[in-house]
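Please walk me through this protein model, starting with its overall layout and going on to the ligand and a few individual residues.

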Amino acid sequence: MRFDVVTLFPAIFDGYLTQSLLDKAIVRGLVEIQRHNLRDWAEDTPHRKVDDRPFGGGPGMLLQVEPTVTCVRDVDAMCDVPARKILLTPQGRRLDQRLAEDLATSDRIMLMCGRYEGFDQRVLDILQPEEISIGDFVLNGGEVAAMTIIDAVVRLLPGVLGDEQSSLDDSFSRGNRMLEFPQYTRPREFEGHTVPDVLLSGDHAAIAKWRAEQSRVKTIDRRRDLLPENSKPNHEHPNQRS
Ligand SMILES: Nc1ccc2ncsc2c1
């Protein structure tokens, strides 16, 4: 899979791209990540300006339509495989595991990271990107969201996780919608805190039963919305591909 990230701050990704799982996946050719600085498409040199004040007034600045559309079209044309265009925005469809699994089926994804007050609306009208949000809070830009998507998707790609790290048992994988049971490792006792006896029993059936019960209790306590009887369909965002 190839990711193309359009951003004003490509350096933000430096440390992230060298973290072990992603670095190994890149070295093994399982994933490719290319960064593109939107300022390289600025008309106004030497200031490399790509933002301007909103018509009609209001706070902040908007990313202008011309450099953004030109950049996206040029980046798309850099590779024969057309990119699935995704614009990171708080107004987007909420990212969840189901959407991550769908994204992992794509051969190429372009992640458009906004800054300031976002993009001129004509960027969305012309390019028709899918819009994805990672949650209801205030961020300074889309780069953190882009890393979140890359992280959630890359680990789903065949060959990235070894068997021992299988993502199949994760709390939210493959439709599994229960919170993780408590986990313990050595030492058996620390400051008077011990490991539940059942985990030391070697009785795999009893361990599985205990873990299932712990997951159920924790999910009821913290995330009732995840329980099958409470789950609502994650309605797709109007411009979300089916
Ligand atoms: N502020 C904010 C919140 C969520 C989100 N998701 C993608 S970009 C973004 C920005």
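Domain bounds here come from an automatic or database domain assignment. On that basis the protein is divided into domain 1 (2-154) and domain 2 (170-230). The centres of domain 1 and domain 2, taken over C-alpha atoms, are 37 Å apart.

The model is a predicted one, in which local features need pLDDT of at least 70 and side-chain atom pairs count only at pLDDT 80 or more, while totals for chains, interfaces and linings use all residues. Residues are numbered from 1 along each chain as its sequence is written, and side-chain values use heavy atoms, with hydrogens and water left out.

The ligand comes next. A residue is near a molecule or strand if one of its heavy atoms lies within 4 Å of it. The residues that surround the ligand are Leu88, Thr89, Pro90, Ile132, Ser133, Ile134, Gly135, Phe137, Val138, Leu139 and Ala145. By class, this shell holds eight nonpolar residues, three polar and no charged. In this division Ala, Val, Leu, Ile, Met, Phe, Trp, Tyr, Cys and Pro count as nonpolar, Asp, Glu, Lys and Arg as charged, and the others, Gly among them, as polar.

A polar backbone atom of Ile134 is 2.9 Å from a ligand nitrogen. For Phe137, a backbone N or O atom lies 2.9 Å from a nitrogen atom of the ligand, and for Leu139 the corresponding distance is 2.8 Å. On its own the ligand has 280 Å² of accessible area, of which the protein covers 94%; such areas come from the Shrake-Rupley method with a 1.4 Å probe, and for residues only the protein chains shown count as cover. Strand E5 (84-94) and strand E7 (130-133) are the elements that give two or more residues to the shell. E5 gives the most, with three residues. Helices (H or I, at least four residues) and strands (E, at least two) are DSSP runs, numbered from the N terminus.

Strand E7 also holds Glu130. Is Glu130 buried or exposed? Glu130 counts as buried because its relative accessibility is 3%, where buried means under 20% relative accessible area, exposed over 50%, and partly exposed in between (1.4 Å probe, protein chains only). The side chain of Glu130 makes a polar contact of 2.6 Å with the side chain of Arg84. A polar contact is a pair of N or O atoms within 3.5 Å; within protein, one must be able to donate a hydrogen and the other to accept it, and residues adjacent in sequence count only if both atoms are side-chain atoms.

Asp76, in helix H3 (residues 65-76), is likewise buried, with a relative accessible area of 17%. Not counting residues up to four places away in sequence, Asp76 touches Val81, Pro82, Ala83, Lys85, Arg108 and Met110, contact meaning heavy atoms within 4.5 Å. Ile126 sits in helix H5 (residues 121-127) and is partly exposed at 44%. With neighbours within four places in sequence left aside, Ile126 is in contact with Val65, Val69 and Arg73.

Some backbone details remain. Tyr116, in the loop between strand E6 (108-113) and H5, has a positive phi of about 55° although it is not a glycine. Glu191, in the loop between E8 and strand E9 (193-194), has a positive phi of about 50° and is exposed at 64%. Arg186 and Pro187 are joined by a cis peptide bond with omega of about 5°.
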